[in-house]
Number of protein chains: 4
Amino acid sequence: MSSIYGKNIRITIFGQSHSSAVGVVIDGLPAGFRIDFEELHRFMQRRAPGQKSWSTPRCEKDIPEFLSGLAGDVTCGAPLCAVIRNSDTRSSDYEQLKDIPRPGHADFTAQLKYKGAQDTAGGGHFSGRLTAPLCIAGGICLQLLNELGVEIGAHIVSVGSVRDALFDPVRVDADTLSAVKAADFPASDSVKGALMEKAIEEARLDGDSLGGVVECAAVGVPGGLGDPMFDGMENRIAAIVFGIPAVKGIEFGSGFGAAALRGSENNDSFCFDPYSFGTEHSSAVKTKTNNHGGILGGITSSMPVIFRVAVKPTPSISKPQQSVSLSKGCDAALTVKGRHDPCIVPRAVPCVEAAAAIAIYDAWLDNNKYKYEEYINGHQ
Amino acid sequence: MSSIYGKNIRITIFGQSHSSAVGVVIDGLPAGFRIDFEELHRFMQRRAPGQKSWSTPRCEKDIPEFLSGLAGDVTCGAPLCAVIRNSDTRSSDYEQLKDIPRPGHADFTAQLKYKGAQDTAGGGHFSGRLTAPLCIAGGICLQLLNELGVEIGAHIVSVGSVRDALFDPVRVDADTLSAVKAADFPASDSVKGALMEKAIEEARLDGDSLGGVVECAAVGVPGGLGDPMFDGMENRIAAIVFGIPAVKGIEFGSGFGAAALRGSENNDSFCFDPYSFGTEHSSAVKTKTNNHGGILGGITSSMPVIFRVAVKPTPSISKPQQSVSLSKGCDAALTVKGRHDPCIVPRAVPCVEAAAAIAIYDAWLDNNKYKYEEYINGHQ
Amino acid sequence: MSSIYGKNIRITIFGQSHSSAVGVVIDGLPAGFRIDFEELHRFMQRRAPGQKSWSTPRCEKDIPEFLSGLAGDVTCGAPLCAVIRNSDTRSSDYEQLKDIPRPGHADFTAQLKYKGAQDTAGGGHFSGRLTAPLCIAGGICLQLLNELGVEIGAHIVSVGSVRDALFDPVRVDADTLSAVKAADFPASDSVKGALMEKAIEEARLDGDSLGGVVECAAVGVPGGLGDPMFDGMENRIAAIVFGIPAVKGIEFGSGFGAAALRGSENNDSFCFDPYSFGTEHSSAVKTKTNNHGGILGGITSSMPVIFRVAVKPTPSISKPQQSVSLSKGCDAALTVKGRHDPCIVPRAVPCVEAAAAIAIYDAWLDNNKYKYEEYINGHQ
Amino acid sequence: MSSIYGKNIRITIFGQSHSSAVGVVIDGLPAGFRIDFEELHRFMQRRAPGQKSWSTPRCEKDIPEFLSGLAGDVTCGAPLCAVIRNSDTRSSDYEQLKDIPRPGHADFTAQLKYKGAQDTAGGGHFSGRLTAPLCIAGGICLQLLNELGVEIGAHIVSVGSVRDALFDPVRVDADTLSAVKAADFPASDSVKGALMEKAIEEARLDGDSLGGVVECAAVGVPGGLGDPMFDGMENRIAAIVFGIPAVKGIEFGSGFGAAALRGSENNDSFCFDPYSFGTEHSSAVKTKTNNHGGILGGITSSMPVIFRVAVKPTPSISKPQQSVSLSKGCDAALTVKGRHDPCIVPRAVPCVEAAAAIAIYDAWLDNNKYKYEEYINGHQ
């Protein structure tokens with residue numbers, strides 16, 4: 001029951017790295033929505049492999065086939081299924097890994113769980129390739145959110161020891177996000193981006209890999225999404241973001257930094273936005289700072305939703321490593337073959353956006369079902 | 001649908017800070033388990049208010065009444081409901097907050113969501129008081145896990161600017177955890193603990209508050225718990241931990257630190273444990289380091305599960321703050337009345353343990369349903 | 001995980017017949033709804049025991065206490081918990097049943113499942129007493145539906161061999177339903193009702209019991225509720241109705257009778273309602289007959305939703321019966337003590353209404369989240 | 001969120017009658033199970049169209065392609081996805097139905113729900129074709145259950161006015177079920193079966209259709225499966241069986257017949273099975289009759305699980321019918337084109353078996369997670 005996410009819109013992801021296909025079923029899309037397939041293709045391409053020195057040389061066109069859920073290019077209310085065929089697979093690269101598991105990878109824990117029945121080729125269901133169907137679902141949710149005035153974008157704020165500035169958590173807007181999404185390398189500062197690319201290339205030449213931190217912002221998110229306790233926006237976003245392989249941490253707003261602040265520093269003062277024209281006072285309330293990352297008590301405040309994600313360095317490196325032979329019961333040296341990204345952080349950027357889009361759209365649907373104010377007004 | 005957690009064991013939490021009671025329904029407990037109520041009481045007392053200078057002076061005995069689910073003191077298979085009456089409530093302290101929301105608190109977002117119908121007294125359903133029923137459920141799950149050889153404990157690794165050492169992620173064991181759980185202040189180093197208490201007292205006298213970081217370890221967790229993608233142990237733990245008010249970040253193993261490491265540094269080499277007597281080689285495999293925090297690919301590795309949680313400073317401070325009047329549509333100064341913890345980090349410690357216990361026990365039940373090896377062996 | 005129902009509104013029922021209390025948590029109620037507690041009390045009284053010769057002489061006032069979820073008498077968005085104390089319990093009546101299970105009752109299967117840990121007193125969690133919290137939840141959903149123009153009512157169409165006419169499935173309306181709900185005995189024809197009461201009294205004097213069939217109608221249900229496949233209105237209603245103890249069958253519209261008809265007889269011709277003033281043609285479409293019971297393809301058609309439920313005779317009868325002694329491993333005669341309804345059909349009537357109300361309101365919320373037509377129109 | 005079923009094993013069905021493919025994702029299969037694909041093919045063929053005069057002449061080979069979830073022909077623990085391509089589609093047959101809905105069909109309610117965006121071709125997601133992926137999932141669950149000693153089979157007990165005898169609810173066994181599953185026409189009595197085929201042919205020649213009743217038995221089901229209240233075996237089976245198009249009723253054991261019996265007649269006396277060799281007395285307990293259909297209090301008793309399903313006559317008939325034109329707002333005559341079964345009851349038989357297999361296997365997994373008796377014994 002591992003690969004299903006969501007309450008109102010449900011995402012079921014399937015596939016292994018070297019199975020016939022990977023894919024996704026999306027249940028709960030509104031009927032009558034015209035998907036912009038060119039836009040979706042552009043979104044998918046930001047994740048696609050084989051394009052840069054920092055990504056795996058495995059070449060997959062990543063063109064989804066839509067098996068159901070559409071009448072023409074409009075959603076019809078039935079579950080949408082999209083699949084991407086796996087074509088460029090070289091399973092022989094992975095034969096030894098069932099016996100000698102890769103440090104830092106799921107080879108060993110899959111063996112503990114599935115007792116030898118797991119599909120090890122290419123990492124099986126644990127492969128980063130499974131983020132392709134996540135991006136199909138996320139790309140569609142992003143289009144639905146765009147219609148509601150929500151824009152989501154992410155950038156890299158660190159790779160190895162190279163660091164870039166965070167988004168301005170109060171002023172970040174759709175233009176900021178569009179600019180970084182259009183960039184060749186997903187860093188806000190192109191100079192810093194070039195340094196990151198250089199660091200990745202150095203690690204690659206060294207047979208090693210790098211991790212980093214991705215920051216994501218969602219702007220235009222209406223206030224009131226999410227719920228107290230276990231369905232808060234933090235819970236919802238974390239529950240899907242940790243589904244992206246290699247994510248080891250998440251923080252919202254000032255996050256771990258908040259732990260070192262006093263309340264008087266971390267609390268965001270409220271103020272009225274003089275340019276707001278809402279009919280209710282509450283719709284014109286903003287905060288002067290945004291340490292809360294757009295979420296208070298699990299519920300969105302209408303300030304930008306901001307979170308950062310820690311991505312560990314790719315475990316598959318070509319340097320020799322120390323492992324064990326499970327069949328022989330002794331220590332064993334391992335040199336990993338196969339084609340691997342020296343740093344998955346750049347390709348993780350659209351995946352984080354996709355995850356945020358799914359979580360936010362799902363929360364929006366949850367909230368929408370109570371929008372019938374004429375109905376309750378008579379009772380107050 | 002906000003207050004339900006779990007797949008095999010389901011926790012439904014209810015109550016507001018000043019309603020008649022707070023409580024929990026636990027569905028899915030095994031029948032025939034004798035709950036140790038004295039042990040549960042000791043666990044609950046670590047969270048209870050009114051005991052220390054750093055906790056709210058509100059005095060609640062926090063003795064749960066068990067309404068169902070038991071025959072005597074043994075679980076009977078039916079849902080267990082436990083309630084704690086709210087007795088020492090002073091709702092008048094909260095009257096102004098519906099109009100002038102507290103910075104950093106859910107007062108404002110609750111207004112956005114519930115349009116004035118929310119119960120503001122004491123923070124309503126957003127109150128830290130709702131962690132009392134979480135601890136009932138967690139305390140019972142902890143007893144169930146103890147029977148399986150699992151121990152869970154947490155300590156404070158920072159309050160404000162005072163920092164303490166992390167657990168040794170390889171050598172932390174049940175004895176380490178028992179020692180810190182028995183301590184008067186939940187810090188591993190009593191000298192650092194005294195500094196933390198001093199810092200909290202200073203903030204209190206200053207009308208301010210402090211945040212901090214809690215680290216939690218679960219030892220003895222069998223390998224193979226958790227699933228790839230959305231039901232990984234990180235997803236499951238994060239999804240419940242963000243239900244504790246004031247949590248703004250979580251990281252597993254080396255977490256955000258991993259983002260700055262190379263793969264060759266972050267990967268944990270495998271080795272054989274010479275003292276292990278398992279019948280299978282895989283049960284004797286350990287890692288020399290534990291950057292992975294006991295979880296690879298969402299699945300436990302049998303190494304200690306380690307995670308850290310960022311807790312923001314209590315938003316309710318007695319210093320004057322800047323807010324708005326929602327009724328008048330103008331800025332407004334606010335001085336918060338009521339009784340509040342100057343630092344909730346110490347009381348969050350057992351809540352984090354409780355959340356981990358529920359998530360791990362739920363994953364254990366998930367895994368257990370496939371334990372019928374004679375059944376599948378014939379097919380391999 | 002047995003006692004939770006619903007997707008948007010979630011009902012968690014707890015308690016045993018002789019535990020301290022029975023109760024329900026309702027998560028997902030809209031905030032700002034003023035509950036009419038007198039109306040709810042009247043609804044509950046239709047199920048309450050101890051009032052008639054045909055109901056158990058166990059006397060319970062069945063007055064719920066609301067522990068959470070309200071600010072005054074208005075819902076506040078937090079989960080609502082209501083409990084009813086069990087006061088008049090005589091557990092000694094049930095001591096022998098753990099060894100010698102009652103034929104037709106869950107005593108034996110509870111033993112198979114819970115291995116002796118089950119609470120046998122009064123039937124434990126299997127008791128008809130658990131329908132009291134179901135009626136709390138259903139009564140509140142019914143009030144929410146009333147605001148939307150939906151009325152739900154049920155009547156008895158057979159007890160033992162006494163049969164009464166079915167509702168006219170096309171013309172049944174809110175007035176019909178109100179009349180039968182106000183009746184002393186829930187039969188549409190008072191003469192037939194008197195015969196049913198007489199039959200029940202005869203069975204009681206004979207130490208025996210009777211079953212029967214309850215028919216339920218929901219009128220004013222908007223078209224478009226429910227989904228294809230597993231979330232159809234039939235699936236949703238059946239999934240909750242079988243939670244009422246003693247229900248052994250359900251049929252919608254012409255039901256089992258449809259199996260004997262030809263398509264040309266069973267198909268309901270469409271026609272326009274000349275008195276309808278909708279803005280769309282589809283809202284004026286009715287069917288001339290209603291063999292489909294208001295549901296086609298799992299989705300409501302705007303015709304009355306009609307279903308019938310088979311209720312088996314109360315298994316607890318005072319006549320001597322043949323059973324076994326589980327401890328001794330031999331056959332054993334059993335004479336059931338305790339206080340039992342000779343026919344639970346009359347008291348099942350409001351329970352069936354409650355179940356229908358919960359299922360229909362839950363489906364209404366599901367549907368409502370897509371009501372944002374301005375949003376999708378631009379795409380068509 | 002309509003097309004997902006199950007708690008431990010989750011079935012997500014997708015596809016429309018004329019989309020590229022129909023298919024299913026099965027999440028939660030045990031790893032290491034070798035699927036017998038020939039056996040699965042034989043099971044699927046019992047549902048496949050185009051073979052008999054009583055089935056639609058649409059010709060589909062119905063050979064599933066397995067996209068994921070396997071390593072060779074053994075399950076690997078990852079979600080299994082199987083698809084069946086739609087090849088023989090003639091969408092032009094359906095063009096008029098969006099305007100003039102077929103009586104008794106979902107054309108009209110789909111319009112109410114999806115406002116014109118629905119895929120009408122071939123009935124879209126409402127088509128009986130969606131039972132093909134249900135049978136893939138059910139066929140695999142049936143193989144898993146066979147390993148546990150469970151056999152499931154169904155037969156037709158009525159078509160139109162032709163009736164056949166029910167299974168003997170006490171003595172029905174695996175041999176009985178195998179015999180009827182091997183039969184050319186799924187009736188236990190071949191003479192009655194021939195009469196049924198004749199009645200169907202007469203209806204077909206008449207441009208009309210017939211309904212009927214399918215009875216299903218599951219033997220060898222261990223006691224203790226299912227839960228009280230909303231997860232009882234009746235609730236679980238009903239919730240999936242109503243997902244089969246055209247099902248309008250379900251009854252367990254004596255079902256609606258029980259409503260006319262007295263308790264002394266309907267209660268099934270317990271007795272010891274002299275041929276049983278269990279280690280516990282409870283495993284040797286049987287009932288002399290089986291009015292309870294193998295389920296008491298929602299939990300299996302170890303007696304055969306028996307239920308009957310009412311299938312309405314196919315709504316698509318070639319006789320002229322009365323409908324409306326939604327575009328013109330007037331009555332309209334309709335003559336349905338396209339290829340349709342004059343009676344879907346024979347093809348529904350394996351679908352009912354499939355549904356039962358999924359529900360029972362899911363309940364078995366639920367129960368299995370508590371099978372750790374050494375763990376709880378110390379507490380009793």
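## Basis

Residues are numbered from 1 along each chain as its sequence is written, and chains are lettered from A and ligands numbered from 1 in the order in which they are written. In this predicted model, local features need pLDDT of at least 70 and side-chain atom pairs count only at pLDDT 80 or more, while totals for chains, interfaces and linings use all residues.

## Chains A and B

Chain B and chain A each put 93 residues into their contact, where two residues are in contact if their C-beta atoms, placed from the backbone, lie within 7 Å. On the side of chain B that touches chain A, helix α2 (residues 107-114) of chain B has the largest share, with six residues. That side of chain B consists of 42 nonpolar, 38 polar and 13 charged residues. Here Ala, Val, Leu, Ile, Met, Phe, Trp, Tyr, Cys and Pro count as nonpolar, Asp, Glu, Lys and Arg as charged, and the others, Gly among them, as polar.

Strand β11 (residues 247-252) of chain A pairs with strand β11 (residues 247-252) of chain B in the antiparallel sense, over three bridges. Within this pairing, I250(A) is opposite I250(B). Strands pair if DSSP finds at least two bridges between them; helices (H or I, at least four residues) and strands (E, at least two) are DSSP runs, numbered from the N terminus.

## Chains C and D

The contact between chain D and chain C takes 93 residues from each. Helix α2 (residues 107-114) of chain D gives the most to the side of chain D that touches chain C, namely six residues. By class, this side has 42 nonpolar, 38 polar and 13 charged residues. Strands β11 (residues 247-252) of chain C and of chain D run antiparallel and are joined by three bridges, with G249(C) opposite E251(D).

Helix α6 (residues 233-241) of chain C packs against helix α6 (residues 233-241) of chain D at about 180°, with the axes 8 Å apart. Axes are lines fitted to C-alpha atoms, for helices over the stretch in contact, and angles run from 0 to 180 degrees between N-to-C directions. The two helices are therefore roughly antiparallel (an angle over 145 degrees).

## A sheet in chain A

Chain A has an open sheet of five strands in the order β1-β2-β3-β7-β4, with antiparallel pairing. Its edge strands, β1 (4-5) and β4 (65-68), each pair on one side only. Two bridges link β1(A) to strand β2 (residues 10-15), and I4(A) has T12(A) as its bridge partner. Helix α3 (residues 131-147) of chain A lies across β2, β3 (21-27) and β7 (80-85), at about 30° to β3(A).

## V157 of chain C

V157(C) is in strand β8 (residues 151-159) of chain C. V157(C) counts as buried because 23 C-beta neighbours lie inside 10 Å; the cut-off is 20 or more other C-beta atoms within 10 Å, with C-beta atoms placed from the backbone. Beyond its neighbours within four places in sequence, V157(C) contacts R163(C), D164(C), L166(C), V213(C), E215(C) and R308(C). E215(C) is 58 residues away along the chain, yet its C-alpha atom is 6.4 Å from that of V157(C).

Terms used
A residue is buried if 20 or more other C-beta atoms lie within 10 Å of its own, exposed if 12 or fewer, and partly exposed in between; C-beta atoms are placed from the backbone. Angles under 35 degrees count as roughly parallel, over 145 as roughly antiparallel, 65 to 115 as roughly perpendicular and the rest as oblique.
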